[in-house]
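Thanks for making the time this morning. I would like to walk you through one structure, so please have a look at it first.

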Amino acid sequence: MIAPTPDSSPVLQLEHVSRRRGGRPAVRELDLSLAGGQVLGLLGVNGAGKSTTLSMIAGALRPDGGTIRLDSRDFAEYPELARQRLGWLPERAPLWPELTSSEHLDAHGRLRGLRGTALRQARERIIERLELQPLLRRLAGALSQGQRQRLGLACALLHEPALLVLDEPGNALDPVQTATLRTLIREQAAAGTAVILSTHLLAEVIAVCSRVAILHEGVLHHDGPVAADDHATLERRFFDIAMAGGAQAA
Ligand SMILES: Nc1ncnc2c1ncn2[C@@H]1O[C@H](COP(=O)(O)OP(=O)(O)OP(=O)(O)O)[C@@H](O)[C@H]1O
């Protein structure tokens, strides 16, 4: 087991991270760092590079250049870090349709190295927290999109990760589920988890994020606290960057 990072170091650091997709740059020379307890909203229009960035952070895509550090350790040298320290919910929760929700929790727990009592306790905690009891015996293939999202989130949180990566988590949720998700993100952050989420919803950023980073055409154009941004200011900044191609707003 790799020891966790000391409290003072950032949980996540990206330095000059780049990645090409389909022959074109999707993310360019990205620098970001994130400490425990922070919630960073990665904002950008369609195709800005949000999912590519999060997939690299989650270890599912390799950067073409640059370094990603989790707990001050280079991801490329310690690929097992992702399994132990990171929880990831991609845009579409990756579920096996023929397995029940309960089997998903077991499979994810084992994948993260949880066994016996530790696995049982982790399951009980997350089932209660995300109110999964009614879904446990149901096949993932028979769940609604919002329920799939909830199960995916449970799988991502089961092992109490130091870094939670959420790709457009608000999509497909009804207003009640949206409120529940926001509470859960705030609680995770209060417990010291670093959270990074991508979205194109300004309201989501205002509601849960302590920081916002704006990506456009793979380039980071803004990184600052959300408390300083009311909705109108953030909206203006977002549109300035999107409409000017980032050139004037950087
Ligand atoms: N599988 C792929 N093959 C080729 N190009 C891709 C692939 N996935 C993404 N891209 C390209 O990479 C760039 C960044 O895409 P990405 O999905 O990271 O953006 P995004 O900000 O997450 O967009 P959205 O909000 O629409 O999900 C885009 O130009 C996109 O067309």
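Predicted model: local features only at pLDDT ≥ 70, side-chain atom pairs only at ≥ 80, totals over all residues.

Let me start with helix α3 (residues 101-111) and helix α5 (residues 145-157), whose axes come within 9 Å and cross at roughly 25 degrees; axes are lines fitted to C-alpha atoms, for helices over the stretch in contact, and angles run from 0 to 180 degrees between N-to-C directions. Because angles under 35 degrees count as roughly parallel, α3 and α5 are roughly parallel to each other.

Residues are numbered from 1 along each chain as its sequence is written. Helices (H or I, at least four residues) and strands (E, at least two) are DSSP runs, numbered from the N terminus.

Turning to the sheet, four strands form an open one in the order β2-β1-β4-β5, with antiparallel pairing, where two strands pair if DSSP finds at least two bridges between them. β2 (24-34) and β5 (73-74) stand at the edges, each with a single partner strand, so one side of each is left without a neighbour in the sheet. Strand β4 (residues 65-70) pairs with β5 over two bridges, and Arg 69 stands opposite Asp 74 in β5.

Finally, which helix gives the most to the shell around the ligand? That is helix α1 (residues 50-57), with three residues, and the residues around the ligand include Lys 50, Ser 51, Thr 52 and His 200, a residue being near a molecule if its C-beta atom, placed from the backbone, lies within 6 Å of it.

Technical notes
Parallel < 35°, antiparallel > 145°, perpendicular 65-115°, else oblique.
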